[in-house]
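These are my notebook entries on one protein structure.

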Amino acid sequence: MTENTALVDTRKTTTKITFKTKEGIDNQGMVLIGDTDGEFTPSPRLCVLKREEGESYGFHLRIERDCRGHVIRNVAAGGIAQCSGLQNGDRLLEVNGCFVDNILHLEVTRKIKLSGQQVGLLVLDGEQYEQAVSRGHDLRDISRMHKVVDCRPPRLCHISKQPASGLGINFTPVEGRKGQFSVSPVAGGAAEKAGVRKGDRLVWMNGASVSELTPSALSMMMKKCGNHITIMVIDSESEKNYVEQGMPILPAMAVPHNLPYKARKLHLVCGPEGYGFLLRLEAAPAGRTAHVVRKVDRGGPAGKAGMKDGEVLLEVNEESVESLTHEEIVDKVKQSTQQISFTTIRPQGLEFYTQLGLSPLLFCEDAELQQEKDSGVAASSVPEQTGHTLTNAAAHVGDCEDEGNHEISYL
């Protein structure tokens, strides 16, 4: 059986980046491999892919019956993937510094898609991958070979003005480095409380990279920010190491601090009357449409899981519904088992991430795990299934009247 995810486009190109491991570094993964077989030294490659809005990267990611790992296939000639250094048969080890060889295919593709217009992929030649596996090498150690030192992740910090001290942050140009700014938060001010630390480097502000900005342009951005600002920062040493390794510093890598909105993953078990909410296709800001939750039954599965009226549906069973029709979403619900997960966000949250140019799924919170964490108790057992099939529990499209909108279903 083959699982295939298309990520294809051929219009843009990027620069190939091949990392060369420095000699003399105390790297346990490298020592283990060398000691096991001096004639075999795997050479992972870091490929940085950049694309424009609406483009894809120009390759397929597959799971194949007789081929281990996440396999790179159908690399488009002259496309983004090929020009970044990806080759047919490569095996994917990391996405944006996160080891992925041991996780599910859908989760890997999700990480790539959520990265946005730029992604760093660490790959290993297919032949070397097969050799490493057959000789019992630890693939995680091999992936560490390209890392000279560990880098701390960037932080995405949302800052709200305080009446007395404002945003509480200052930026100083780094001498001799265009587009580099050192950050100084005011002690006890809004920025420090939002996770900004003295000496941090500013990477990104309100969705825009600062690498090409002059000090005056940055100052102008600050004046236009109003009462809130969202910035991405990283400590200076980690920033230096990312640059040396040719690794982009992306929001997909960031640890969130003080973000006003987060998407929530809700786990539901179907009841006798279905899941207990209405799903409508409604107009959203900027001329878009969205699948909106309405008429949540407080005593039903949706209400008990914490679903709120007016929330926007983002995923069904961790699969994005952004490009799906209303009917396709309903079909996915019907085809599911008695248990299902819905990822939702408040409409204000969707607008917040849209303005930043980020996916709201980047910083998703599992409502069930968060509830367990807050209460400090172990997870409860999953309720027994009711025996009602989803075909019976979920109503068909158009079975409710609502101001002429026929794309509406009670689930």
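Predicted model: local features only at pLDDT ≥ 70, side-chain atom pairs only at ≥ 80, totals over all residues.

**Entry 1**

Residues are numbered from 1 along each chain as its sequence is written, and side-chain values use heavy atoms, with hydrogens and water left out.

H3 itself covers residues 105–114. Helices (H or I, at least four residues) and strands (E, at least two) are DSSP runs, numbered from the N terminus. I then asked which residues of H3 are buried. They are His 105, Val 108, Thr 109, Ile 112 and Leu 114. Buried means under 20% relative accessible area, exposed over 50%, and partly exposed in between (1.4 Å probe, protein chains only).

**Entry 2: Strands S3 and S4**

I looked next at strand S3, residues 59–64. Five of its six residues are buried, so the rest of the structure largely encloses S3. S3 pairs with strand S4 (residues 67–73) in the antiparallel sense, over four bridges. Two strands pair if DSSP finds at least two bridges between them. I recorded Val 71 in S4 as the bridge partner of Arg 62. With two residues between them, S3 and S4 form a hairpin.

I found Gly 54 in the loop between strand S2 (45–50) and S3. Is Gly 54 buried or exposed? Its relative accessibility is 64%, so Gly 54 counts as exposed. I also noted that Gly 54 and Gln 117 are 63 residues apart along the chain, with 9.1 Å separating their C-alpha atoms.

**Entry 3: Strand S8 and its partners**

I turned to strand S8 (residues 155–160), where five of the six residues are buried, so S8 is largely enclosed by the rest of the structure. Which way do S8 and strand S13 (residues 228–234) run? They run antiparallel and are joined by six bridges. Here Leu 156 stands opposite Met 232 in S13. S8 and strand S14 (residues 255–257) run parallel, joined by three bridges. In this pairing I found Arg 155 opposite Val 255 of S14.

**Entry 4: Cysteines**

How many disulfides does the structure hold? I recorded zero, a disulfide being a pair of cysteine sulfur atoms within 2.5 Å. I looked up two cysteines. Cys 98 has a relative accessible area of 29%, so Cys 98 is partly exposed. Cys 270 has 2% relative accessibility and therefore counts as buried.
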